[in-house]
Amino acid sequence: METAATPNEIYLGRDGARAGPYTMEQVRTLVGEGRFTPNDWAWYPGAPQWIAIREVPGFSVPGLPLPRPPGYHAPLAGTAMQRRFAGFWIRLAAILIDTIVLLIPLKILRGLLIEERTGDLATDLGVNLASLALTLCVHGAYRSAFHASGWQATIGKRALGIQVTDLQGRRITLDHAAGRYLAEFVSGWTLGIGYVMAGLSSRKQALHDKIAGTLVLYR
């Protein structure tokens, strides 16, 4: 039976925070010093999901007992470590659904809050800027509220069976969700490349996911 090669670019996770990358020797030292435990999470390039540090190929600490502790259970199916990452195309489809969902509410709000264009250049510029600001605010409130809700997903994501989580697969807070939305502007400023990264990175993270420390997973 072929033995898996020992990785030397390892990320460690605990309580929603991620550190690394570390070499295997550094991981052994951190565990030996008690800064991490063998049951904390680890991920390395090529690994399909997060696993316990003790399960990383080649991991061992002399004198440190590594059997499963009493009451230990494998991660539940709902955790980020056992769920599939959602890639670019399904996320794009969710955005299109959400755009359609917000068309009518935005049209009503624009009619109530923003003046009609008059043909005057200065007035119309102000109307356009106000319309843009309203659109961004509505989208931001909508995405932040739904991503932080029990659904952990906008209507579009919910319809397609995906949701936003932190790096450990847990529900994010409203502040975290709002920060993620603001980080989307960075993805936009890269001419959309930040969004395309969701189809290229190992955990299907767009640039704003990497900035905000979030994942998009299948439910």
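User: Which residues are buried in helix α1 (residues 24-32)?

Analyst: M24, V27, L30 and V31 are buried in α1. Buried means under 20% relative accessible area, exposed over 50%, and partly exposed in between, with a 1.4 Å probe and protein chains only. Helices (H or I, at least four residues) and strands (E, at least two) are DSSP runs, numbered from the N terminus. This is a predicted model, where local features need pLDDT of at least 70, side-chain atom pairs count only at pLDDT 80 or more, and totals for chains, interfaces and linings use all residues. Residues are numbered from 1 along each chain as its sequence is written, and side-chain values use heavy atoms, leaving out hydrogens and water.

User: Back to M24, V27, L30 and V31 in α1. Why are they on the same side?

Analyst: M24, V27, L30 and V31 cover an arc of only 120° around the axis, so they share the same side of α1. The arc is that of the directions from the helix axis to the C-beta atoms.

User: What covers the buried residues of α1?

Analyst: The cover includes β1 and β2 (17-22). Contact here means heavy atoms within 4.5 Å.

User: And which exposed residues are on the face turned away?

Analyst: That face of α1 carries E25 and G32.

User: What follows α1?

Analyst: G34 does, and its phi is positive, near 85°.

User: New topic. How many aromatic pairs are there?

Analyst: The structure holds 6. In one of them, the rings of Y11 and W43 have centres 6.0 Å apart and planes at 40°, so that pair is tilted. Rings of Phe, Tyr and Trp (its six-membered ring) pair if their centres lie within 6.5 Å; planes under 30 degrees apart count as stacked, over 60 as edge-to-face and the rest as tilted.

User: What does the Y11 and W43 pair tie together?

Analyst: Y11 lies in strand β1 (residues 10-14) and W43 in strand β3 (residues 41-43), so the pair ties together parts that are 32 residues apart in sequence.

User: Are Y11 and W43 buried or exposed?

Analyst: Both are buried.

User: Which charged end sits over the ring of W43?

Analyst: That of R203, 5.6 Å from the ring centre. Likewise, the charged end of R84 sits over the ring of Y218, 4.2 Å from its centre. The test needs NZ of Lys or CZ of Arg within 6 Å of the ring centre and within 35 degrees of the ring normal.

User: Where do F185 and W189 lie?

Analyst: Both are in helix α5 (residues 174-189), 4 residues apart, about one turn of the helix. F185 is partly exposed at 28% relative accessible area, while W189 is exposed at 68%.
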